[in-house]
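Open the model in your viewer and keep the sequence panel beside it. The stops below go from the whole chain down to single residues.

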Amino acid sequence: MSKSTSKAPYQGFEQGPIRPPSEAYSLLIRVTRNCPWNRCTFCPVYKGAGFSLRPVEHVKRDIDAVARHVDALKRMSDDSGQISRIDIDTYMARVSGSDRQSFHAALNWFAGGMQSVFLQDANSLIITPGDLADILRHLKGRFPWVGRVTSYARSHTVARISDEDLREIAEAGLNRIHIGMESASDEVLKKVRKGADKATHIKAGLKVIRAGMELSEYVMPGLGGRELSDSHARETADALNQINPHFIRLRTLAIPNSVPLFGEYESGRFEKLSDAEAAAEIHLFLELLDGITSQVKSDHILNLFEDLEGKFPEDKERMLCSVRAFLDMPPRERMLYQVGRRLGYLRGVGNLADARVREEIEKICDQHAITPDNVDAFINEMISGLFEDNLL
Ligand code: SF4
């Protein structure tokens with residue numbers, strides 16, 4: 001792992017490649033580059049990119065640059081927060097090339113209401129707690145109105161931070177952590193080289209909550225393949241029942257050809273679930289979630305049910321019903337739903353009742369000779385194409 005050094009030259013404002021879907025309007029502040037683990041076999045994001053820490057002073061310079069632009073944007077805006085295109089163009093003409101990125105980040109953030117900040121990249125909690133608290137305090141000093149500051153973190157890292165240090169980080173302003181649990185089946189976790197086991201996931205999750213931060217746990221339906229689907233659903237539900245995170249977020253497995261898992265999939269050693277099998281797995285998983293008060297979110301484009309959202313325990317039955325409705329469909333209806341959902345025509349099973357939308361989807365299925373027998377292959381190919389075009 002590269003170490004930060006205050007002597008490294010500042011390379012200008014930086015932003016990493018991803019953020020959680022729920023952070024679409026957040027200001028992205030890059031604390032570290034890439035992923036210090038980078039071995040998960042299903043993950044395409046940072047492969048081939050080395051991890052490094054950024055010097056605290058450089059992160060602060062990024063924050064200061066955005067703050068400068070935000071001040072200018074505030075001065076340019078009228079009472080309703082609007083800014084004329086001419087004012088923006090005039091200001092931008094004075095911004096030097098190296099400062100353009102921070103200006104664009106500030107402009108997007110300003111347009112999005114400036115309510116939240118997300119610390120990048122994959123595991124900001126790997127830096128020393130004192131440095132992280134220092135950055136968070138600086139952020140708070142520059143943007144005192146911000147209500148939510150969040151970050152990704154690995155369970156393996158969080159489990160090793162003392163409760164005292166985590167509390168200091170929370171007090172300095174970090175109030176939500178997104179953890180990629182993916183699964184809590186030890187067999188699955190080992191196979192996909194997650195670098196954390198079920199006990200570590202539980203320990204880390206409970207620590208985050210104890211420190212007074214919100215916890216968002218990502219679960220990956222399908223990650224166990226056919227062989228481990230049952231254990232994946234059962235163990236993951238069991239871990240989440242013990243943690244009771246604020247959010248459980250679903251992000252379905254996809255296997256683009258850039259990930260190590262693709263080799264196993266191609267050779268037949270990993271059998272990917274069909275959409276119907278994945279839905280059955282999700283049904284079992286939801287059924288087993290018990291005694292929790294978490295919000296379930298399905299805010300990823302790859303998910304088969306975008307409307308699978310609700311709060312436990314009161315919305316559990318409704319969520320189960322919408323998965324059952326898909327499982328109970330005749331094969332042709334199911335196919336129409338799978339295609340319509342993946343092409344963005346539908347959010348949930350109920351939307352298929354719209355005759356106009358249904359006709360569109362039928363037309364597409366006819367044009368591409370999609371049948372109930374080849375629909376999963378069609379969808380896999382379509383999703384791989386989106387990855388290749390960098391659209392996912
Ligand atoms: S820890 Fe996260 S970012 Fe890193 S390789 Fe695994 S899934 Fe990808």
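What share of the contacts in the chain with a separation of 6 or more comes from residues 24 or more positions apart? Such residues account for 74% of them, a contact being heavy atoms within 4.5 Å.

Before going on, note that this is a predicted model, in which local features need pLDDT of at least 70 and side-chain atom pairs count only at pLDDT 80 or more, while totals for chains, interfaces and linings use all residues. Residues are numbered from 1 along each chain as its sequence is written, and side-chain values use heavy atoms, with hydrogens and water left out.

Select the whole chain as cartoon. Its secondary structure comprises 15 helices and 10 strands; these are DSSP runs numbered from the N terminus, helices being H or I of at least four residues and strands E of at least two.

Switch to the surface. The accessible area is about 17700 Å², with 48% belonging to carbon and sulfur atoms (Shrake-Rupley method, 1.4 Å probe; for residues, only the protein chains shown count as cover). Of the 392 residues, 53% are buried, meaning under 20% relative accessible area (1.4 Å probe, protein chains only).

Cysteine 35 is buried at a relative accessible area of 13%, and cysteine 40 is buried at 8%. Look for disulfides, defined as pairs of cysteine sulfur atoms within 2.5 Å: the structure holds 0.

Technical notes. Buried means under 20% relative accessible area, exposed over 50%, partly exposed in between (1.4 Å probe, protein chains only).
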